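I opened the notebook today to record what I looked up in this structure. The entries follow the order in which I went through them.

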Amino acid sequence: MSLIHEIDYGTPLSKSERLVTLTIDGQEISVPEGTSIMRAAMEMGTQIPKLCATDMIDAWGSCRMCLVEIEGRAGTPASCTTPVAPGIKVKTQTQRLKEIRKGVMELYISDHPLDCLTCAANGDCELQDTAGAVGLREVRYGYEGDNHLGLEKDTSNPYFTFDASKCIVCSRCVRACEEVQGTFALTISGRGFESQVSPGMNENFFDSECVSCGACVQACPTATLTENKVIEIGQPEHSVVTTCAYCGVGCAFKAEMRGEEVVRMVPYKDGKANRGHSCVKGRFAWGYATHKERILKPMIRAKITDPWKEVSWEEAIGYAASEFKRIQGQYGKDSIGGITSSRCTNEETYLVQKLIRAGFGNNNVDTCARVCHSPTGYGLGQTFGTSAGTQDFDSVEDSDVIIVIGANPTDGHPVFASRMKKRLREGAHLIVIDPRKTDIVRTPHIEADYHLPLLPGTNVAILTALAHVIVTEGLVAEDYVRERCDWDEFQNWASFVADERHSPEAVEKYTGVPAELVRGAARLYATGGNGAIYYGLGVTEHSQGSTTVMAIANLAMATGNIGRRGVGVNPLRGQNNVQGSCDMGSFPHELPGYRHIGTDSVRNMFEEFWGVHLDKEPGLRIPNMLDAAVEGTFRGLYVQGEDIVQSDPDTKHVTSGLSAMECVVVQDLFLNETANYAHVFLPGSSFLEKDGTFTNAERRIQRVRKVMSPKAVYADWEVTILLAEAMGFPMQYDHPSQIMDEIARLTPSFAGVSYEKLDQDGSVQWPCNDKAPEGTPIMHIDHFVRGKGRFMVTEYIPTDERTGARFPLLLTTGRILSQYNVGAQTRRTENSMWHEEDRLEIHPHDAEQRGVREHDWVRLESRSGSTSLRATITDRVAPGVVYTTFHHPSTQANVITTDYSDWATNCPEYKVTAVQVMPSNGPSQWQEEYEAMARNSRRIAAE
Ligand code: SF4
Ligand code: SF4
Ligand code: SF4
Ligand code: FES
């Protein structure tokens, strides 16, 4: 294995379909119109020296290193900013060019420290390489006089250092921040000799607008911006391409290694989801994988009040299996079940559901998708016929109007947000439907055309009001609907939405959104060209989550916005493999590929292949397992990579259910909250320690590759095999590729997927089979998967969770960029420097009424429970609405949330809780007790 060097073509790819033919150094080449001479030369293998150009950003033309001569033209134009033209003859290497380049280089080096041997970038420095390429052998000018060598380093960012003394002011960092990331955190301050890269006025990187995405570090051709790990460890010596294990964007990375140590994660330009970009989590926050609190030895205990006892793998697995068998013998075969993880690979998830269905002999399997995107599966399945987003991420480049509803992409899906922001800066229109003024509403060079700040819980009313305008103002794409959708159902739906009670004016009183905003947004979406809808958990985590998804699908069908680039309905999936865990049959009623367990032909196929009889009745969902535990009929649970105490609603109910069980087996990296109720702890493995695949939000299946040996001996898939064997259901796999072969054989939408194909193509989007051998970037092109698109009537039924005198405010929850979900990983990295605690956002008016000042401790109370946290006073939330994140277990926002859930899928209603806020003196007693317990767990782990 060696380091993967991706070619830098100097300037971005031109998308023109017209070819231009020219001659470079006597060789003829044809390239797309708009290509730079630099890129054309690079494509034929000729590298023109460059410093300020790189192919992730537009050419700038400042360094004067890339000059060329063009026959018949005067001067020496910069090849990075000069586009190709038909018939031109270019020379890249003449005596005149050599002398100019050497002279320019000499000037750069005369103000640059000559410490190459001890510089962290030694061997990976474009300045060094370019000096060599132009044949610079001596520098005539000394360091006397003014120079920049004494400038101070900025070490404020925990992940990279800015050493201004090495800066050549090429501006690549500034442009990467603008063009790739879209944050505009950097500027070149001063003029001429005083020019300097600056993260804001008198600010360091940490205190500036910088979001630590690292695009500037990647773009920097010198050691000015360097990863701290490179400074600490040295240059990597080999790389392995793998996939980020945080969010559903699915960024591809080169894990650059020294031996088994990760030196840095570099976003892979060939990654089709991220195209060479990343966020702070994927690029920098991987230190949890080797954190000292990881549990590396299996442990057991008879009672949850007993101390843990470290045992061998054999003993732990044997104990778990014998307990499960004992429980089944005593309480019946349905008395145990399991939970798959959306953080684990497809192969691991597949094995867990197989173990439960075939080894446990019941269908009591569920997944954390239950608490996030299960309504997506239901809603899109009903309307379109398949349970996934319709587009690839590239599609956004062709969108003209983008609706973002119930999603906060700059925090939750940052790399996709950067791609979306780029399209918005190019002129696409934006409609944001969200109770909060999220960053995307107003960010540098972007301003939403409409922000509909609805009250939490009124999504269906707003979407039906948008449909009302489209139908009553004659904006329906009738030809499309007649051809592609069920016309009778459309008419039924159209007369429903046209009813006056669904007009923007009628719903204004309970949505809180002025009617003219709704009318304007509806007209823009219906008539503004390609309309794309992106949504998140603000849509699904409601009592009407499934209805909202169907209302979104209705809007897209009514306006003809399904089945081509630039349009579509796209759930922004939360966890890295939440799409995959759903695809792999993690729900109690569905086998892999979303096929009902009750369908004889499907079940018989699995029975035959697995050699067992399968129960045809759907099993228990997570909340039902917990109910049954409290009632005494459910007694054992296998939880792989999931912390239901923290992530599921109504914490008290979850802990009562777990406490009632006789054998809870937790498999995880750390002693998580659920492990407090466990009898067996099986160490988990991080994404760096195993092979497998993840499926991202665009249905893209990508390889996860092992870069280090499992720290606790086994990868998660191997542990499931051990448990299955001990349960008397042996599984034979030597490698996850064999598991994928089985998935492909039994799942029509995966029929064409294999590791061989993934290694060859990089990734593939399902369905991938005989009908679509190269996968399916865009779905429903000629017809919907279910045949005719189905309009569903979406009656708005207000949630039972109402505000009143006792609980007058509505709490809604969300994520922040630097932390990830329950924070088990990110809290164990320097990312906590940006978010040390969960805060309550409260509007100035509500704060004043309660005597709450900025940073004050407040008590947050609902019908379910209470917690304390500190306040941030902001008009990002509307009066009457408060907001918090749920990354820190000492806050436990889910103590507050209720057990209301989506009518179709039981997805909890996290986004609406009636609360009261009042000043408090500090953390509640249970929070202090919790902190003491957590400290104790950390001590055990450290020992
Ligand atoms: S920090 Fe690096 S990329 Fe930015 S201007 Fe200086 S040398 Fe160029
Ligand atoms: S790390 Fe990202 S956000 Fe920060 S300055 Fe660099 S490019 Fe901009
Ligand atoms: S956007 Fe998501 S997948 Fe990409 S690096 Fe960030 S967390 Fe990882
Ligand atoms: S690379 Fe062309 S001017 Fe710098």
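Entry on the model. I am working from a predicted model, and I keep that in mind for everything that follows.

Entry on the ligand. I looked up what surrounds ligand 1 and found 14 residues, the closest being Cys167, Cys170, Ser171, Cys173 and Cys220. When I sorted this shell by class, I counted 10 nonpolar residues, three polar ones and one charged residue.

Entry on the helix pair. I then turned to helix H2, which runs over residues 95-110, and helix H3, over residues 126-133, and noted that their axes come within 10 Å and cross at roughly 140°. Because angles over 145 degrees would be needed for roughly antiparallel, I put H2 down as oblique to H3. The crossing in which H2 passes H3 is left-handed. For the contact itself, I listed Met105, Tyr108 and Ile109 on the H2 side, which meet Leu127, Thr130 and Ala131 of H3. By class, the residues of this contact divide into five nonpolar and one polar, with no charged residue.

Entry on the annotations. In UniProt, an unreviewed entry places "domain: 4Fe-4S His(Cys)3-ligated-type" at residues 96-135; in the model this span is 57% helix and 0% strand, and its end C-alpha atoms lie 14 Å apart. The UniProt annotation "domain: 4Fe-4S Mo/W bis-MGD-type", also from an unreviewed entry, covers residues 237-293. For residues 237-293 I noted 9% helix and 35% strand, with the end C-alpha atoms 28 Å apart.

Terms used
Residues are numbered from 1 along each chain as its sequence is written. Chains are lettered from A and ligands numbered from 1 in the order in which they are written. This is a predicted model: local features need pLDDT of at least 70, side-chain atom pairs count only at pLDDT 80 or more; totals for chains, interfaces and linings use all residues. Side-chain values use heavy atoms; hydrogens and water are left out. A residue is near a molecule or strand if one of its heavy atoms lies within 4 Å of it. Ala, Val, Leu, Ile, Met, Phe, Trp, Tyr, Cys and Pro count as nonpolar, Asp, Glu, Lys and Arg as charged, and the others, Gly among them, as polar. Axes are lines fitted to C-alpha atoms, for helices over the stretch in contact, and angles run from 0 to 180 degrees between N-to-C directions. Helices (H or I, at least four residues) and strands (E, at least two) are DSSP runs, numbered from the N terminus. Angles under 35 degrees count as roughly parallel, over 145 as roughly antiparallel, 65 to 115 as roughly perpendicular and the rest as oblique. A crossing is left-handed if the near helix is turned anticlockwise from the far one by less than a right angle, and right-handed if clockwise. Contact means heavy atoms within 4.5 Å. UniProt positions are given in the numbering used here, feature names are shortened, and annotations may be inferred rather than shown by experiment.
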